[in-house]
Amino acid sequence: MKPLGPIPAGFETLDGELAIGGKSASALADKAGSTPLFVYSKAMLDRRMADLRAAMPDRLRIHYAVKANPFRPLLEHMAGKVDGFDIASGGELAMILAAGIDPEKVSFAGPGKRDEEIEAAIGVGATLNCESEGEARRTLAIAGRIGKVPRVAIRVNPDFELRGSGMKMGGGAKPFGLDAERVPALARELIAGGADWRGLHIFTGSQALDAEAIIETQANVLKLAAKIAEEVGEVLPKLNMGGGFGIPYFNGDASVDIAAIGTALSARFIDLPDVLSETELCIELGRFLVGEAGVYLTRIVDRKISHGTTYLVTDGGLHHQLAASGNFGTVVRRNYPVAIASKFTAEPEEEASIVGCLCTPLDRLADQGHFPQAEVGDLVAVFCAGAYGASASPANFLGQGPAREILI
Ligand SMILES: *Cc1c(COP(=O)(O)O)cnc(C)c1O
């Protein structure tokens, strides 16, 4: 028997089934027309935002990192909740525009921006977070050619990282951002070149659960931003302090203590150095805002036993749930929170492994979990599916195609 991850708080039950937005899992599958499907809960998205706002200082703006989940109805819903959006491709910019979101609230980071992407961003007034001197100079040149003033910030590669983060994106040699010591010179060059200077972006890592590590990193980010702003010789207009707030995926993980982070940040905001006194301060979060509000529902199509192991074979799999299968940046595979959604309140009574329908041994949704007895036709729920599920999985593998998605 292997442990399953913790099921996020806030789900409902109805007639013994898992329920979301007052609808049982089987009603949701009927509503969608087929399985597998992703279900995202508006109520849970709203509760998360409200809790976060209550914990953080009023001055702090909250941005949504679109790559976690760009499903259009979800973007439209988030537009009424967050203060800005962070994107990392021209494709995400197109999604933002299609969702009717004001592009002036958008900043565009990410290495390898193509000329067409830069031009599109300048054209709609989005802020470009330049990742290198070369990209900054291309941005000035493209802006000159189309006769627009570009909004530009610089993404900094800091010489520290977010301790304990699942994905490290700062510290040492990195393809992301410009090494901190070279930032002031480039900032002055951009300002002299006529750009609308929008400040700094310092992102140090993802999926951190330890509030102390986040607090320490935020302190370092503020210190570094102040140092750079002093060298540039101007009050910093804006600072994106990064994010990194994680969610509990695995047995033993606990939620981030946002109250502790908010308290520490409020204290720091009281005595900021002069160069940061007028600065617009924001954090950018992806999975923390949307991850726990999503469930992936997949139907059992076969039940079989091999050498004593019971396999529940589903119509979904790693093509929608790459991370839950253990193949998206994990070293040792551990079980996500997974349950039999159609027998959600039943007591566990057997050990079973839940697998997907792909013809590869990598396609595992739960390894040797303890579940109620499930049969063909029952629904399986994979939790924490609101982020990096549909958008970060190889949907076309084996000709399967995308899952349905609904926001309820
Ligand atoms: C991926 C990413 C995020 C979002 O990360 P989460 O772990 O989902 O919060 C935010 N900012 C940048 C620059 C990123 O690359």
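The model is predicted, so local features need pLDDT of at least 70 and side-chain atom pairs count only at pLDDT 80 or more, whereas totals for chains, interfaces and linings use all residues. Residues are numbered from 1 along each chain as its sequence is written, and side-chain values use heavy atoms, with hydrogens and water left out.

The ligand is surrounded by 11 residues, a residue being counted if one of its heavy atoms lies within 4 Å; the closest are Lys-67, Ser-206, Gly-286, Arg-287 and Tyr-388. This shell divides into 5 nonpolar, 3 polar and 3 charged residues, where Tyr counts as nonpolar, Gly as polar, and Asp, Glu, Lys and Arg as charged.

| Residue | Protein atom | Ligand atom | Distance |
|---|---|---|---|
| Ser-206 | polar side-chain atom | oxygen | 2.6 Å |
| Arg-287 | backbone N or O | oxygen | 2.8 Å |
| Glu-284 | side-chain N or O | nitrogen | 3.0 Å |

On its own the ligand has 390 Å² of accessible area, of which the protein covers 92% (Shrake-Rupley method, 1.4 Å probe).

An automatic or database assignment sets the domain bounds, giving domain 1 (12–40 + 292–407) and domain 2 (70–285), whose C-alpha centres lie 34 Å apart. Their contact (heavy atoms within 4.5 Å) takes 12 residues from domain 1 and 9 residues from domain 2. Together the domains bury about 1,100 Å², 71% of it on carbon and sulfur atoms; buried area is the accessible area (1.4 Å probe) lost on being put together, summed over both parts. Of the area that domain 1 buries against domain 2, Glu-292, Arg-334 and Leu-407 supply 38%, more than any other three residues. Across this interface the rule finds 0 salt bridges (a side-chain nitrogen of Lys or Arg within 4 Å of a carboxyl oxygen of Asp or Glu).

Conventions:
A polar contact is a pair of N or O atoms within 3.5 Å; within protein, one must be able to donate a hydrogen and the other to accept it, and residues adjacent in sequence count only if both atoms are side-chain atoms. Buried area is the accessible area (1.4 Å probe) that two parts lose on being put together, summed over both.
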